[in-house]
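Hello,

Here is the structure I said I would pass on. My notes on it follow below.

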Amino acid sequence: MSFPSLKIGKHIVKIPIMQGGMGVGISWDKLAGSVSAEGGIGVISTVGTGYYQNKEFAKGLSFGRPFGSDSFYSKEALFKIFENARKICGDKPLASNVLYAINDYGRVVRESCEAGADIIITGAGLPTNMPEFTEDFPDVALVPIVSSAKALKILNKRWKADTNEFQMPSS
Ligand SMILES: Cc1cc2nc3c(=O)[nH]c(=O)nc-3n(C[C@H](O)[C@H](O)[C@H](O)COP(=O)(O)O)c2cc1C
């Protein structure tokens, strides 16, 4: 069976299958790296990275659990997850999943770009200001998860004003 390739921003995905971002700890380096290596889109979850590798990167623990925004989400762990995923998939398109509802949304998006994400996928809210956090990373494609045509129209209007890039599909 053959599939047409998929273009997302500047990235060509050989097989148009996207693995869903799954936290905590389900879609990290091994799953996402393997999906990307096979030609799909592997999606690294940024949720709860402080738990990665037995909480090695968590800055503070409370009752044995990563505690505080710098600990539950660990930038260092996210970088390590991307580094290990890249060992599996090389430079094939690899995505990061950042929920809009989190406190540090902008920071996590920016750090995902720094860690080497090619695509940022955001659900759990309407990310009207998403492009603002990726300004310095013009090759990174932005993929909002929307649940209605109305939400898509709002984003298109906002993002077009900001970046002149996002276009509604015709029809
Ligand atoms: C265990 C689990 C964890 C998930 N965690 C996230 C998440 O962190 N972020 C997100 O955007 N979606 C999350 N999802 C949603 C999936 O990415 C996907 O969009 C959803 O499961 C729909 O795909 P499906 O119909 O094939 O299950 C999660 C789903 C599952 C089953």
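Predicted model: local features only at pLDDT ≥ 70, side-chain atom pairs only at ≥ 80, totals over all residues.

Helix α2 covers residues 52–55, and Q53 lies in it. Q53 is not a glycine, yet its phi is positive, at about 45°.

V24 is found in the loop that runs between β2 (11–13) and α1.

G23 also turns up in the ligand site. The residues that surround the ligand are G20, G21, M22, G23, I26, V47, N97 and L99. By type, this shell divides into four nonpolar residues, four polar ones and no charged ones.

Which atoms of G21, G23 and N97 lie by the ligand's oxygen or nitrogen atoms? For G21, a backbone N or O atom lies 2.8 Å from an oxygen atom of the ligand. For G23, a backbone N or O atom lies 3.2 Å from a nitrogen atom of the ligand. N97 uses its side chain: a polar atom there lies 2.6 Å from a nitrogen atom of the ligand. On its own the ligand has 610 Å² of accessible area, and the protein covers 39% of that.

Now the helix packing. Two packed helices are described by the angle between their axes and the distance between those axes, so I give both values for each pair.

Helix α1 (residues 29–37) packs with helix α4 (residues 75–89) at an angle of about 35°, and their axes are 8 Å apart. The crossing of α1 and α4 is right-handed. On the α1 side the contact involves D29, K30, G33, S34, S36 and A37, and these meet I81, N84, A85, I88 and C89 in α4. The residues of this contact divide into five nonpolar, four polar and two charged.

Helix α4 also packs with helix α5 (residues 105–115); the two axes come within 9 Å and cross at roughly 35°. The crossing of α4 and α5 is right-handed. Here α4 contributes K75, L78, F79 and F82, while α5 contributes E111, S112, E114 and A115. This contact divides into four nonpolar residues, one polar and three charged.

Regards

How values were computed:
Residues numbered from 1 in each chain as written. Heavy atoms only, no water. Axes fitted to C-alpha atoms, helices over the stretch in contact; angles between N-to-C directions. Helix = DSSP H or I, 4+ residues; strand = E, 2+ residues; numbered from the N terminus. Left-handed = near helix turned anticlockwise from the far one by under 90°. Contact = heavy atoms within 4.5 Å. Nonpolar A, V, L, I, M, F, W, Y, C, P; charged D, E, K, R; others polar. Near = heavy atom within 4 Å. Polar contact = N/O pair within 3.5 Å; in protein donor to acceptor, adjacent residues only side chain to side chain. Areas by Shrake-Rupley, 256 points an atom, 1.4 Å probe, with all protein chains shown as cover.
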